[in-house]
Amino acid sequence: MEKEKVVRLGVSLPSDLLRPFDRLVERRGYQSRSEAIRDLIRKTLIEEEWKESASDVAGTLTLVYDHHNRDLPGRLMDIQHDHHDLVVTTQHVHLDHHNCLEVLVLRGPAREIERLADRIIACNGVKHGVFVPSTTGRTIA
């Protein structure tokens with residue numbers, strides 16, 4: 001495997017932006033600002049790759065909901081069954097007597113996955129939902 005060429009560049013930032021960034025670098029345990037900046041760039045490029053992808057992409061959908069909320073668990077399961085081609089797997093965790101956390105791993109066309117995630121998050125009774133897109137980063141070094 002050929003060694004990747006590293007290019008040095010300078011970045012000018014206002015001190016009001018640099019101070020909180022340095023705290024983030026320290027809090028997350030980065031060895032340097034450069035490592036943190038590389039991660040931020042990769043994250044942004046992957047998000048763009050995901051939006052523009054013509055091939056299948058992946059992502060996770062995390063939900064918190066009260067399983068005592070009428071027919072919500074049944075509705076969530078029906079939606080997942082209706083989209084079995086997009087739902088790779090799920091994990092269900094009982095947080096306490098009322099609240100459940102569910103994580104869905106989704107794979108398929110970006111627009112379809114995003115529509116499915118939005119539909120599930122919008123279900124009446126879902127307290128919190130967040131969708132995190134991901135790809136293999138195949139177009140990113």
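Guide: One term to begin with: a residue is buried under 20% relative accessible area, exposed over 50%, and partly exposed in between, using a 1.4 Å probe and protein chains only. This is a predicted model, where local features need pLDDT of at least 70 and side-chain atom pairs count only at pLDDT 80 or more, while totals for chains, interfaces and linings use all residues. Residues are numbered from 1 along each chain as its sequence is written, and side-chain values use heavy atoms, leaving out hydrogens and water.

Visitor: Which residues of α2 are buried?
Guide: Ala36, Glu49 and Trp50 are.

Visitor: What makes the buried residues of α2 line one face of the helix?
Guide: Looking down the axis of α2, they fall within an arc of 150 degrees, so they line one face. That arc is taken from the directions from the helix axis to the C-beta atoms. On the other side of α2, Lys51 and Glu52 are exposed.

Visitor: What covers the buried residues of α2?
Guide: The cover includes α1 (15-28), β1 (57-66), α4 (110-121) and β4 (126-134). Helices (H or I, at least four residues) and strands (E, at least two) are DSSP runs, numbered from the N terminus.

Visitor: Why does His81 count as exposed?
Guide: Its relative accessibility is 54%, and exposed means over 50%, so His81 qualifies. You'll find His81 in helix α3 (residues 72-82).

Visitor: How do you know that His94 is exposed?
Guide: Same test: its relative accessible area is 58%, so His94 is over the 50% mark. His94 is found in strand β2 (residues 87-94).

Conventions:
Contact means heavy atoms within 4.5 Å.
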